[in-house]
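Here are a few friendly notes to read alongside the structure.

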There are 2 protein chains.
Amino acid sequence: MEALRKQVSDVAGEGDEVVANENKKIKLSSEVEVKRTSVSVHENISSFENFHLTKILNQNSSTKSIFVEGRFGNDIRPAVILLEKTSFVDEAIKKMLCKDMTVKQQFHNDIYGSYEGFPSAEFNGVKTTIIHPATEKHIQKYSSHPAYLVQETPEVYKNVIEPHIQSQQFSMQWVYNILDHKSEADRIVFEDKDPILGFILLPDLKWDMKHIDNLYLVAICHRKDLHSLRDLTADHLQLLKSISEKGKQNIAKKFNIPEKQLRVYVHYQPSYYHFHVHFTALSFDAPGSHVERAHLLDMVIQNIQMVPDYYQKATLVYAMRENDPLYTKLQEANVL
Amino acid sequence: MEALRKQVSDVAGEGDEVVANENKKIKLSSEVEVKRTSVSVHENISSFENFHLTKILNQNSSTKSIFVEGRFGNDIRPAVILLEKTSFVDEAIKKMLCKDMTVKQQFHNDIYGSYEGFPSAEFNGVKTTIIHPATEKHIQKYSSHPAYLVQETPEVYKNVIEPHIQSQQFSMQWVYNILDHKSEADRIVFEDKDPILGFILLPDLKWDMKHIDNLYLVAICHRKDLHSLRDLTADHLQLLKSISEKGKQNIAKKFNIPEKQLRVYVHYQPSYYHFHVHFTALSFDAPGSHVERAHLLDMVIQNIQMVPDYYQKATLVYAMRENDPLYTKLQEANVL
């Protein structure tokens, strides 16, 4: 159960990404909460004619999606609307382009021209999800929580992060269950049982284990005294190299992907404070693989080789969301 | 000409990402290469009526974009068409939803309903870039190509990358045009004219300049002797700090975004070898902001402060696509 809680928080950490299809997770609760006092909007809606927009909850211009809150007609119960532009369909592109699409030129320069294209109506469908009546939980879930970059000096680490890590230690049981083969033993891809240099490699729960192009595994080290990147010194080089090499070898062998197509990195901040390493397919635009959170293991090893106490003296930079419990603590320390 | 060919492929390193607006980098060369034997399609196009689709080059279902190759009418010269769905505009969403959008139900279950929405025509514009006539280089550039991680030692840099950079130098004219105010002078957001510490800050062509959540600007330094991250030493700390500080300040002021929401980084490999710095909104899942290509400027500064020749002695790790001319050279050097 605790493991589950952690994992849910991990997913929530992904923030702005489109979570439109994750509704299932809160379905049971909403069934209990919502009184069915009147007919659902789903029974007869054909347009948004009588929809009153209350608020834009979130917007993502890279995935072309927007989440809004509003009400239908006189119904006082709120609705959450999730809109997402659809991707182009290979099979339909010829018809869309050649038969129907008009273009309006914005400018051209030499061989390059910028236009606004207008496909005919059938190609303009927008994926639309209506949640009605929606609860406060739905509204929170689809709201944006802006992130800010933190400059974490060694002092901030000592004064804010270290006490935070201590307060989290009781919640590591789900990790220990994996290390002790009490949970998820059937999912282990590889294990090195050495108590100092050993680790367990297993698929991340975000991976469907079907598609190589979104491959995602995690290596969790056996030793319990390493909380994060901040703890790593020259003493741990052998462990880090071993995780890198054996991890890549075993993933390559088992899932038939070249080692050079594996992105191997740690998160800072991590989502739990027991040292672990992420392995994702390079082709996968993995959440948390951006430069404001990910640190390539090869670079970590190299930094420590150049400066043995690199991660004790560095100011580390990372993104922190307003709804993260650490956010308030960092704010109190005047870092945000 | 050879250098040009390489540079085009460098850009292709971003692969699946939408790079529709980086055309400028190959502009000069294409002017030389393409014989203007007939009128450009840009002179009078208003639809794709006479377009013949040859091939789908690449597709990205997360950014909702597709790149295709084809021909217009009897013109034997190929065209490359880049299509990308546009993101929702906050200001227009109320009008789009409440006044005009019809919905067709696919299914509903309890409070959740799945629909296809049809906004009225004005909201269905597709960002369309037409490159015509396109060269084989353009076609290669927008085709999909798998990537592999490279470990670039200082020796590999010296033997493979440095000669590559030398061969590219004559293709920097478009950068010099910006620095000399011969091009894009009206787009300059800020300029520090100092020949050593100065730079020009302007919007990246990928930014639509409408949405703050995909904000993207670039700072291009005035001095011409810095090619990339590899050249940076303690001598450049003042330049780097100045770009970071003044860049953030001016963007924050002009575009009303907190400085702490700006991701400031350099690419390695860069797509052109004149030192420049990227500024993107933290909320923007910007192409090239992943850990296998981006280096936070704050961390670069810090690494140099810890180890003045950090970037001369580091082994740098980055993703390299099969279609990049550097790929073959790195393969010949046994790095891939």
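Which element gives the most to the lining of the second largest pocket?

1. That is β1(A), with 5 residues. Strands here are DSSP runs of E, at least two residues long, and helices are runs of H or I, at least four, numbered from the N terminus. This is a predicted model, where local features need pLDDT of at least 70 and side-chain atom pairs count only at pLDDT 80 or more, while totals for chains, interfaces and linings use all residues. Residues are numbered from 1 along each chain as its sequence is written, chains are lettered from A in the order in which they are written, and side-chain values use heavy atoms, without hydrogens and water.

2. Take the interface next: 103 residues of chain A are in contact (heavy atoms within 4.5 Å) with 106 residues of chain B. The two chains bury about 9300 Å² between them, 59% of it on carbon and sulfur atoms; this is the accessible area (1.4 Å probe) lost on being put together, summed over both. On the chain A side, A:Phe88, A:Ile111 and A:Tyr112 lose the most area to chain B, together 9% of what that side buries.

3. Finally, look at B:Arg223, in the loop between β10 (216–221) and α7 (237–255) of chain B. B:Arg223 counts as buried because its relative accessibility is 16%, and buried means under 20% (1.4 Å probe, protein chains only). Leaving aside neighbours within four places in sequence, the contacts of B:Arg223 include B:Pro195, B:His236 and B:His274.

How values were computed. Buried means under 20% relative accessible area, exposed over 50%, partly exposed in between (1.4 Å probe, protein chains only).
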